[in-house]
Amino acid sequence: MKHSGFDVIVIGCGHAGSEAAFAAARLGVSVAVVTHRFDRIGEMSCNPAIGGLGKGHLVREIDALDGVMGRLADRAGIQFRLLNRRKGPAVQGPRTQIDRALYRDAMQEEVRNAPRIRVIEAEVDDLLIDGRRVTGVRLADGSQVHARSTILTAGTFLRGVIHIGDRRVQGGRWGDRPANGLGQTIDSFGLPMGRLKTGTPPRLDGRTIDWDVLDMQDADTEPSLFSFLSTTASARQISCGITHTNPQTHDIIRENLDRSAMYGGHIDGIGPRYCPSIEDKVMRFADKSEHQVFLEPESLTDDVVYPNGISTSLPEDIQREYVQSMRGLERAAILQPGYAIEYDYVDPRALDHRLAVQDFAGLWLAGQINGTTGYEEAAAQGLIAGLNAAATVSGGDPVIFDRAEAYIGVLIDDLVTRGVTEPYRMFTSRAEFRLSLRADNADQRLTARGIRIGCVSAARARAFNSKMECMQASLSVMAGMSETPNTLSGAGIEVRQDGQRRSVFDMLRQRTVEISSLKSIWPALETIPEDILRQIQIDAIYAYYIERQARDIEQLRSEEAAEVPYDLDYSAMSGLSNELREKLMRTRPRSIAQAGRIDGMTPAALSLVFAEVQRRLAKSA
């Protein structure tokens, strides 16, 4: 049997696959989504949360380009909190605990109602190849699905193995089969591959937790939402409990390390440094007598609790013992054991900035298959892969964001230039221009570009244009507003008495000044909506720094414009070390700027590359 009539195939419908499918469909192409089970679409395999530091920025950017993750997080969020609230907006990160059932149901509803998307419940057994081009997929029943572009979003399913102590179970996640045939196919392509590991904690029965003895963490009274279209949180907000490991917990873990899959030598894959297992915490931070554990309810409609901070690969009996050693968990029952999962990934240096495989036309990779960890990183990659796969079908321009305009650009450039040695996680510290790349201004940075690309709905475009018109009108109202130091002091604002008039923008830049005080001086500010005034204030706070940063951005873009030919012969370049020659041949940088970001690149070596590029240009002139 042959399925036809599709432009794009998306393999898998997790967070990467769903964003890829929606993005491609928004560009007007037909999409076939092949996934094992429709009822698993929108599943949150690990932590029931979205956002955080760096990750929240990615979700806002996905939303600014009309992706779905932010809107659904706002529908399913049950505890919104703004992280780093005491720091500046550039490093603040919106986060919310998610009701798993609400999120899953909302995602399935979106997929069901999406025009141009058809879901095929099946297992992909192989990719169809014509020379060096992928032309579709073969399903386990022997039928074929053909398309011009194929996006593989395999998550942790490629030859996935679940580890609980010395017990090994083949699986892509708890309760789901792995994609072994597909893993063998990718391996046969000769792409550089490796094994990574991630883990999850045991799930607890909330009815067996003594909540009364625990400290509780409440949601923010004013939720920081993810979507620029959302106005309020939809679900009831809850509190989560806080407990701690203790010396007894650590003794139990140390005494049973040889029974841990990771410490017992059963796992070869490398785990995420920034989300270590409880075994890692106990061993790496031996001087600490306790570690904080957040007890996060997974839903408003069941009693499953996610103990954030104790992921493990220890046997079930040891998991029960160390869980019950903690305050409030003395009677806690485990509903599902924690486990580690080991899986194949492809070295992302085999991809270009579109997330297309360089050596096989028609194939894109997105999500954990590229060595990342987290729903947000996966969704961002899915969005870019979907837009580019669709653009290839329709003859549109490549969709690439640089490091100066989006965290999405930082994420993808880091992956395809540097590769990964452990599961990659986004942090604000990874962005050189993070003062510009704030979560609050993601729409100002990206939505207009999304409108030009064609991936933004008419409703979002209207909302964005209306907001920008309101900002411009508000700035016009504020233009020319200034006052003397005496007047400002009279309103209770501390200001140097130097006789110099201060503009309203000067005052907004001072973080200690309350907007209510400014309204008493300039009543016209009352006519400006609060959210617009707050945005103008944030822009004013960072304006000086961004002006200084603009020179660095201009230099970056100048270097990005200095293209490096794909077929440049690095092997013939004298003066390059063997290590750099190998890295350049593997990465095939598209610009001098990207070449400069390769690990170990020296100024002298970069000069050699640039000189060779100049020689090639002179020859062809």
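Tutor: Buried means under 20% relative accessible area, exposed over 50% and partly exposed in between, with a 1.4 Å probe and protein chains only. The model is predicted: local features need pLDDT of at least 70, side-chain atom pairs count only at pLDDT 80 or more, and totals for chains, interfaces and linings use all residues. Residues are numbered from 1 along each chain as its sequence is written, and side-chain values use heavy atoms, with hydrogens and water left out.

Student: Which residue just after α1 takes a positive phi?

Tutor: Helix α1 ends at residue 26. Just after α1, a phi of about 95° belongs to G28.

Student: Is T428 buried or exposed?

Tutor: T428 sits in the loop between α10 (407-418) and α11 (442-453). Contact means heavy atoms within 4.5 Å. Leaving aside neighbours within four places in sequence, T428 contacts G54, H57, A90, V91, Y407 and R434. Its relative accessible area is 12%, so T428 is buried.

Student: At roughly what angle do the axes of α12 and α16 cross?

Tutor: Axes are lines fitted to C-alpha atoms, for helices over the stretch in contact, with angles from 0 to 180 degrees between N-to-C directions. The axes of α12 (residues 458-478) and α16 (residues 530-561) come within 10 Å and cross at roughly 70°.

Methods. Helices (H or I, at least four residues) and strands (E, at least two) are DSSP runs, numbered from the N terminus. The expected span of a helix is 1.5 Å times one less than its number of residues.
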